[in-house]
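Here are my notes on this model. Please read them with the structure open.

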Amino acid sequence: MTDIELSKKIHCTIYEEYRKALDIITINPDYSLVIFRNIFSHLCQQIATYNYIELNETSLDKKIKKLFEKKLINTNLYCF
C-alpha cells in the first residue's frame with residue numbers, strides 16, 4: 001500500500017489534504033508543511049475520538065503529549 005492509498009483509507013479529508021500538500025511541496029514547501037501539520041493534528045484528533053478521549057488542547061504539541069501520556073502513541077512519535 002502506498003502513502004496515498006493509506007491516506008485515502010484513513011479519511012477522505014486527510015487524503016485530499018495530503019494530495020494537495022504533495023502537489024505543492026516543490027512550489028511552496030512552507031505551505032506544504034502547514035498542511036502536513038494540519039493533517040497530523042487531525043490524525044491526533046481521530047486517535048483521541050476513537051479511544052473516547054476528550055482532546056481540548058489546541059496546540060499540536062499538547063495533543064501529542066496527551067496521547068503519549070494515555071499510551072496511544074509511542075516515544076518514537078512523541079520525541080520528535
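1. Burial. Of the 80 residues in the chain, 22% are buried. Keep in mind that this is a predicted model.

2. The chain exposes about 5900 Å². Carbon and sulfur atoms supply 55% of that area.

3. Fold content. The chain has five helices and zero strands. Read along the sequence, the pattern is α-α-α-α-α. The C-alpha trace spans about 35 × 25 × 25 Å along its principal axes.

4. Contacts along the sequence. Take the contacts between residues at least 6 apart in sequence. Of these, 17% join residues at least 24 apart.

5. One helix pair. Two packed helices are described by the angle between their axes and the distance between the axes. Here, helix 2 covers residues 12-24 and helix 3 covers residues 29-50. They pack at an angle of about 160°, and their axes are 8 Å apart. Angles over 145 degrees count as roughly antiparallel, and helix 2 and helix 3 are therefore roughly antiparallel to each other. Helix 2 passes helix 3 in a left-handed crossing.

6. Who makes the contact? On helix 2, the residues are Ile14, Glu17, Tyr18, Lys20, Ala21, Leu22 and Ile24. Helix 3 contributes Pro29, Tyr31, Ser32, Ile35, Phe36, Ile39, His42, Leu43 and Gln46.

7. How many of the residues between helix 2 and helix 3 are nonpolar, polar and charged? The contact divides into eleven nonpolar, three polar and two charged residues.

Key: Residues are numbered from 1 along each chain as its sequence is written. This is a predicted model: local features need pLDDT of at least 70, side-chain atom pairs count only at pLDDT 80 or more; totals for chains, interfaces and linings use all residues. Side-chain values use heavy atoms; hydrogens and water are left out. Axes are lines fitted to C-alpha atoms, for helices over the stretch in contact, and angles run from 0 to 180 degrees between N-to-C directions. Helices (H or I, at least four residues) and strands (E, at least two) are DSSP runs, numbered from the N terminus. Angles under 35 degrees count as roughly parallel, over 145 as roughly antiparallel, 65 to 115 as roughly perpendicular and the rest as oblique. A crossing is left-handed if the near helix is turned anticlockwise from the far one by less than a right angle, and right-handed if clockwise. Contact means heavy atoms within 4.5 Å. Ala, Val, Leu, Ile, Met, Phe, Trp, Tyr, Cys and Pro count as nonpolar, Asp, Glu, Lys and Arg as charged, and the others, Gly among them, as polar. Buried means under 20% relative accessible area, exposed over 50%, partly exposed in between (1.4 Å probe, protein chains only). Accessible areas come from the Shrake-Rupley method with a 1.4 Å probe; for residues, only the protein chains shown count as cover.
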